[in-house]
Each structure stands twice: as C-alpha cells, then as structure tokens.
Amino acid sequence: MTRTILITGASRGLGRACALNLAASEGAHLLLLGRDKPALDVTAESVRQTGGTAETFAADVTDRTRLAAIAGGLGSLDGLVAAAGISGMTPVDRESNSEGQPTDAFFDEIVAADLTGPWNTVRAFLPRMGPGGRIVLVSSVLGRFGVPGYGAYCAAKHGLHGLAKALALELIGKGIVVNAVAPGWIDTDMAQTGIRQIAAVTGQSEAEFRAQAEDAVPVKRFFQAEEIARGIAWLLDPANTMQVGQCLNLDGGVVQV
Ligand SMILES: NC(=O)c1ccc[n+]([C@@H]2O[C@H](COP(=O)([O-])OP(=O)(O)OC[C@H]3O[C@@H](n4cnc5c(N)ncnc54)[C@H](OP(=O)(O)O)[C@@H]3O)[C@@H](O)[C@H]2O)c1
C-alpha cells in the first residue's frame, strides 16, 4: 500500500533528499511543506519523475494556525519527517553575529524554527496518524555537543533529543514510533552558511575552514543529503520496531555514544 509521508523543509537540502529517496524506494505519496512554494513545486515535480506522487503546502513551522489548517484537510498519514530548520551564530557576548543578525532576536528565531517548529508539526499532524506511524525529528551533532557561538542552535537541537525521548514513550502505546537523527556536516545551503560564518569569525578562508572541518570527521568528508536520507528512511520503515526514542548518529564517526 502506498504510504503518505509529510516532510517539512522539503524545498531544499535534506528534506528534498528524503522526498526523492522515498519516491524512488517505495513510490510514496509525499506531502512537502516549507515556506518557498515555487521551490516545493520543483521538489514535487522531481518526486513525480522519480516514481512518487506529491502535494505541496506553503507554511512556516512556527505558524500553528496554518499547520492546523493544513492538517485538517488531510487524510491519514503514515510518516512525518521534521527536517525544517535554520542555523547561525548567536554569540552570547555580542549584540549581533558576523552577518549582522541581532543576537537575542536570532536566538528566539532559531529556537522557534528548530525546536518549537518540530513540536508544532507533531502536534498538528499527529491526529492524522494511527498505529504503524513513524516520526523522525532531525537534530544534529550539535545536539550531541556544544560549539562556541552556536548557543541557540545547540540548545534547540539538544532539546529535540529530549522531545524525541518523551514523545516516543508517550506514543509507543498507540503503535507510533518516534526517533531523532543527528547528522554531521551535510553538503547543503546550511553548511555553506556555517562555513562562511565560522571562517569569518576565525579569520580563515572558507576553503581552509572546510578542510579543517572535514579533517575533524573520522571518515574525512562531509555527507551528501541523499546519504542522510537513507538513514531517515530506515527509521521511517514500519519494520523498525526496535529503535524507539533514540537518536541515530549519522556523522561518520564523530560521536560514538
Ligand atoms: N547541513 C548540515 O550540515 C546539517 C547538519 C546537521 C543537521 N542539519 C539539520 O538538517 C535539517 C535540514 O537542513 P539542510 O541542511 O537541508 O538546510 P537547508 O538546505 O538550509 O534547508 C532548510 C529547509 O528548512 C526549511 N525551513 C527553514 N525554516 C523554516 C520554517 N520556519 N518553516 C518551514 N520551513 C522552514 C527551508 O525551506 P524554506 O526556506 O522554503 O522555508 C528548507 O527547505 C535542519 O533541521 C538542520 O538543522 C543540517
């Protein structure tokens, strides 16, 4: 039977890669959610060319009213991937970061998108999900350890682990399995922004910082979004009933717990 799976952040990067993976592997029906409707439509067309079907929904994951309205018009849902997120630096001892984003306002924005956003998404779409449902929250290695200057992002991503643990126990009785993933560097727009910001702060060229970052990964490289999408597909698989409330490290050996 064709599964229907909602993916937030499906306009680009990891969310888009998850959609294409599920289209190719099982011809899934994908509900693609993000703020950039034209970009979502491009993903939807690629999904159709890859063997799946798709609908697009322009929404901000911080907008509970909009999420509830979308959910109200849907049928049943088999899976949910909360991949939407933003990143950036929030230096605690400065009024703004190297790109001029005001520290306090940007802190609030990151937490709203990266922690409250997944909460809002689960809250809105859970009523559409029954036994066999699968939920994956996309955290980060920065949900495993701290990085200077990334207080908001680290706090939000660590928070997602806690959210996944609690929701897993809350929902397992309904036959719904919740997990998180913690990817390392993924070669997307977000990683490019991170490289630019850290290079600016450390006085390195972007190429120098990227080489240093790759060297810090035991497998010595960044990952493609398609590779991370395969890990997420495993957690979405109804055959997975063992991994419950866990956070799967997809980082090439950086974190070993
Ligand atoms: N790239 C990395 O190195 C890395 C590493 C670890 C974890 N992650 C996590 O992986 C996830 C995907 O990141 P990515 O690398 O694919 O980043 P990306 O290329 O910047 O894509 C981010 C996606 O999130 C959507 N988005 C952002 N804020 C949103 C909001 N408020 N409401 C709805 N959609 C929103 C964006 O779509 P619109 O702009 O269309 O809304 C876009 O589709 C994020 O949760 C990120 O924290 C990334």
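Visitor: How many helices and strands does the protein have?

Guide: In this predicted model, the secondary structure comes to eight helices and seven strands. The radius of gyration is 18 Å, close to the 18 Å that the globule rule gives for 257 residues, so the protein is as compact as a globular protein of that length. Along its principal axes the C-alpha trace spans about 55 × 40 × 35 Å.

Visitor: And what share of the residues counts as buried?

Guide: Of the 257 residues, 45% count as buried. As for how the chain comes together, 72% of the contacts between residues at least 6 apart in sequence join residues at least 24 apart.

Visitor: Which residues touch the most other members of the largest nonpolar core?

Guide: Those are Ile 7, Leu 30 and Leu 32, in a core that has 72 residues. Helix α5, residues 151-171, gives the most to this core, with eight residues. In general, nonpolar side chains tend to be buried together in soluble globular proteins.

Visitor: What does Leu 32 touch?

Guide: Leaving out residues up to four places away in sequence, Leu 32 touches Ile 7, Ala 10, Ala 19, Leu 40, Thr 43, Ala 44, Ala 54, Glu 55, Thr 56 and Phe 57.

Visitor: Changing topic to the ligand: which residues come nearest?

Guide: There are 30 residues around the ligand, and Gly 9, Gly 13, Arg 35, Asp 36 and Gly 85 come nearest. The shell divides into 13 nonpolar, twelve polar and five charged residues, and helices α1 (13-26), α4 (103-125) and α6 (189-202) each supply at least two residues of that shell.

Visitor: Which residues of α6 are buried?

Guide: In α6, Gly 194, Ile 195, Gln 197 and Ile 198 are buried, and what covers the buried residues of this helix includes α7 (206-215). With 14 residues, α6 reaches 20 Å from its first C-alpha to its last, close to the 20 Å expected at 1.5 Å a residue.

Visitor: What follows α6?

Guide: Gly 203 does, and the phi of Gly 203 is positive, near 75 degrees.

Visitor: Back to α4, then: is Asp 104 buried or exposed, and why?

Guide: Asp 104, which is found in helix α4, is exposed because 11 other C-beta atoms lie within 10 Å, and the cut-off for exposed is 12 or fewer. The C-alpha atoms of Asp 104 and Ala 216, which are 112 residues apart along the chain, are separated by 30 Å.

Visitor: What about Ala 124, buried or exposed?

Guide: Ala 124, also placed in helix α4, counts as buried because it has 24 C-beta neighbours inside 10 Å, where 20 or more are needed. Not counting residues up to four places away in sequence, Ala 124 touches Arg 64, Leu 67, Ala 68 and Ala 71.

Note on methods:
Residues are numbered from 1 along each chain as its sequence is written. This is a predicted model: local features need pLDDT of at least 70, side-chain atom pairs count only at pLDDT 80 or more; totals for chains, interfaces and linings use all residues. A nonpolar core is a set of buried Ala, Val, Leu, Ile, Met, Phe, Trp, Tyr and Cys residues joined through C-beta atoms within 7 Å. Helices (H or I, at least four residues) and strands (E, at least two) are DSSP runs, numbered from the N terminus. Two residues are in contact if their C-beta atoms, placed from the backbone, lie within 7 Å. A residue is near a molecule or strand if its C-beta atom, placed from the backbone, lies within 6 Å of it. Ala, Val, Leu, Ile, Met, Phe, Trp, Tyr, Cys and Pro count as nonpolar, Asp, Glu, Lys and Arg as charged, and the others, Gly among them, as polar. The expected span of a helix is 1.5 Å times one less than its number of residues. The radius of gyration is taken over C-alpha atoms; the globule rule is 2.2 Å times the number of residues to the power 0.38.
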